[in-house]
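I hope they are handy while you have the coordinates open.

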Amino acid sequence: MDDAALIDRVRLQDPRAERAFYERHVDRIHRLAYRMTGDEALAREYTQDTFVRAFDKLSEFRADSALSTWLHAIAVSVILNGLRKVKRIHGREQGMDELPEVAITARESEPDLKQRMREAIDALPDGYRMVFVMHDVEGFTHEEIGSALGIQPGTSKAQLFRARGKLRAALHEFAGEWQ
Amino acid sequence: MTHEHDTDERFDRWVADAAASLHEPPPAPRDAMWEAIQARRAAAATPVAIVSTPRRFGVRPIWGALAATLLAGVIIGRSFGPTRAPTPATPSASAPSASVAAALVASPVGEAPIPSSTSLATRRAESASDPAFSPYAVVTREHLGRVDVLLASYAADVEGDSALRDDFTRSARELLSTTRLLIDAPTGRDTERRQLLSDLELVLVQLIQRSGDAADDSAAVARALDRTHLRARLRSAGPNVLARGT
């Protein structure tokens with residue numbers, strides 16, 4: 001069944017179509033949410049938020065973009081807004097407790113390079129990180145990213161360029177290990 | 001130059017490959033998430049059903065009592081004050097929670113008492129038969145006017161003054177609460193109006209969540225305003241749009 005037929009049936013509140021719609025897209029949404037958060041609970045929450053919103057707004061879907069693009073636009077909005085809230089809360093918690101226990105554990109158990117790379121990627125501004133993860137890790141095109149983020153494909157390219165530049169600068173001391 | 005470019009490309013590939021192994025997603029817990037999604041959708045649908053039943057005041061006694069009191073004030077004002085054309089009200093900084101509560105709980109038409117004066121009764125009947133005069137439509141219209149003023153002040157750049165920004169954020173929070181009430185109201189079924197309110201909600205959340213000096217946050221707000229054409233839609237949301245679905 002193609003997307004248009006599936007949407008028609010979902011709009012009629014056909015439970016099987018709703019589940020089929022979910023099954024068709026859930027893995028990719030969950031992967032993106034996990035890549036961006038690195039946290040299972042947050043990834044689940046953001047994935048669920050995305051589908052709750054999608055079902056609520058599906059009647060407004062106009063088919064002027066691909067269904068997956070529309071769905072990813074919702075997911076990106078949910079994830080970026082969610083991350084902002086998490087950072088605010090995390091910032092408050094760090095004021096009380098300088099170094100979170102989870103960070104200490106991770107630092108001890110991983111090689112320095114891998115840890116530095118994780119930190120460098122996590123330190124990217126959310127917008128840059130989203131573009132980097134979507135393009136370089138998850139294989140989205142700049143057109144797809146542009147539609148999902150509400151930006152021009154050229155802007156997506158520029159943000160990826162800047163993200164890579166920041167990563168290069170953050171990891172320059174490891175040059176010998178990858179060349 | 002070429003060597004440097006090649007080096008950058010190899011570096012980028014290396015980072016991308018390595019990044020793929022970081023935050024490697026586990027299999028999506030499909031069934032558990034589906035159950036959670038269904039539960040949340042069911043929960044979201046439930047309050048609408050309860051509020052739309054005749055027993056709503058019994059189900060939500062505090063809300064009902066508050067709304068009844070406020071509704072009485074609204075009715076008194078409308079019955080004994082001059083009849084006003086449905087022009088957008090002058091926006092103020094604070095949200096009209098009282099009138100919103102009354103408008104959302106009151107039936108859109110037909111539940112208001114008939115005034116004793118014949119002329120008032122005639123005018124009242126005319127108003128009651130026109131959905132553009134329903135409490136929901138009037139409150140929505142006033143609300144959109146206030147939001148328009150808020151967005152205009154944002155466009156005029158409140159970022160430089162911290163006190164002004166605090167006031168701005170406080171007003172945005174109040175308007176966000178009202179927006180959510182209007183979206184959730186059982187009388188607000190029209191798709192176009194719901195879309196307008198939903199877009200409005202998104203922009204208000206972005207405005208509230210933005211950091212003081214974060215250029216990315218301001219850019220996100222600007223992008224959302226640009227993408228949704230929100231200000232133009234606010235101004236063009238005439239009585240027809242506001243009356244539909246009430």
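Are Glu138(A) and Arg35(A) buried or exposed? Both residues are buried, where buried means under 20% relative accessible area, exposed means over 50% and partly exposed lies in between (1.4 Å probe, protein chains only).

1. **Ground rules.** Please keep in mind that this is a predicted model, in which local features need pLDDT of at least 70 and side-chain atom pairs count only at pLDDT 80 or more, while totals for chains, interfaces and linings use all residues. Residues are numbered from 1 along each chain as its sequence is written, chains are lettered from A and ligands numbered from 1 in the order in which they are written, and side-chain values use heavy atoms, with hydrogens and water left out.

2. **Chain A overall.** Chain A has 10 helices and zero strands; helices (H or I, at least four residues) and strands (E, at least two) are DSSP runs, numbered from the N terminus. Of its 179 residues, 45% are buried. Among the contacts of chain A with a separation of 6 or more, 62% are between residues 24 or more positions apart, a contact being heavy atoms within 4.5 Å. The accessible surface of chain A is about 9,000 Å², and carbon and sulfur atoms account for 51% of it; such areas come from the Shrake-Rupley method with a 1.4 Å probe, and for residues only the protein chains shown count as cover.

3. **Chain B overall.** Chain B contains 12 helices and zero strands. Its 246 residues are 40% buried. For contacts in chain B between residues at least 6 apart in sequence, 78% join residues at least 24 apart.

4. **The salt bridges of Glu138(A).** Back to the opening pair: Glu138(A) and Arg35(A) form a salt bridge whose closest N and O atoms are 2.8 Å apart. The term stands for a side-chain nitrogen of Lys or Arg within 4 Å of a carboxyl oxygen of Asp or Glu. Because Glu138(A) lies in the loop between H7 and H8 of chain A and Arg35(A) in helix H2 of chain A, this pair ties together parts that are 103 residues apart in sequence. Glu138(A) also meets Arg31(A) in a salt bridge (3.1 Å, N to O). Here Arg31(A) is in helix H2 of chain A and Glu138(A) in the loop between helix H7 (126-137) and helix H8 (142-149), so the parts tied together are 107 residues apart in sequence. The relative accessible area of Glu138(A) is 12%, whereas Arg31(A) counts as partly exposed at 29% relative accessibility.

5. **A pair within one helix.** Where do Glu23(A) and Arg19(A) sit relative to each other in helix H2 of chain A? They are four residues apart, so about one helical turn separates them. Their side chains form a salt bridge (2.8 Å, N to O). Glu23(A) is partly exposed, with a relative accessible area of 23%, and Arg19(A) is partly exposed at 24%. Over all chains, the whole structure has 13 salt bridges.

6. **A positive patch.** Arg53(A), Lys85(A), Arg88(A) and Arg173(B) gather in a surface patch of positive charge. Patches are made of residues with over 30% relative accessible area and no salt bridge, like charges being joined within 9 Å and nonpolar side chains (Val, Leu, Ile, Met, Phe, Trp, Tyr) within 5 Å. Lys and Arg count as positive and Asp and Glu as negative, while His and the chain ends are not counted; the place of a charge is NZ of Lys, CZ of Arg, CG of Asp or CD of Glu. Arg88(A) belongs to helix H4 of chain A and is partly exposed at 36% relative accessibility.

7. **Ile74(A).** This residue is in helix H4 (residues 67-96) of chain A and is buried, at 10% relative accessibility. Beyond its neighbours within four places in sequence, Ile74(A) contacts Thr50(A), Arg53(A) and Ala54(A). The C-alpha atoms of Ile74(A) and Thr50(A) are 6.0 Å apart, although the two are 24 residues apart along the chain.

8. **A backbone angle to look at.** Gln13(A) is not a glycine, yet has a positive phi of about 60°. Most residues other than glycine have a negative phi. Gln13(A) sits in the loop between helix H1 (3-11) and helix H2 (15-37) of chain A, and counts as exposed at 62% relative accessibility.
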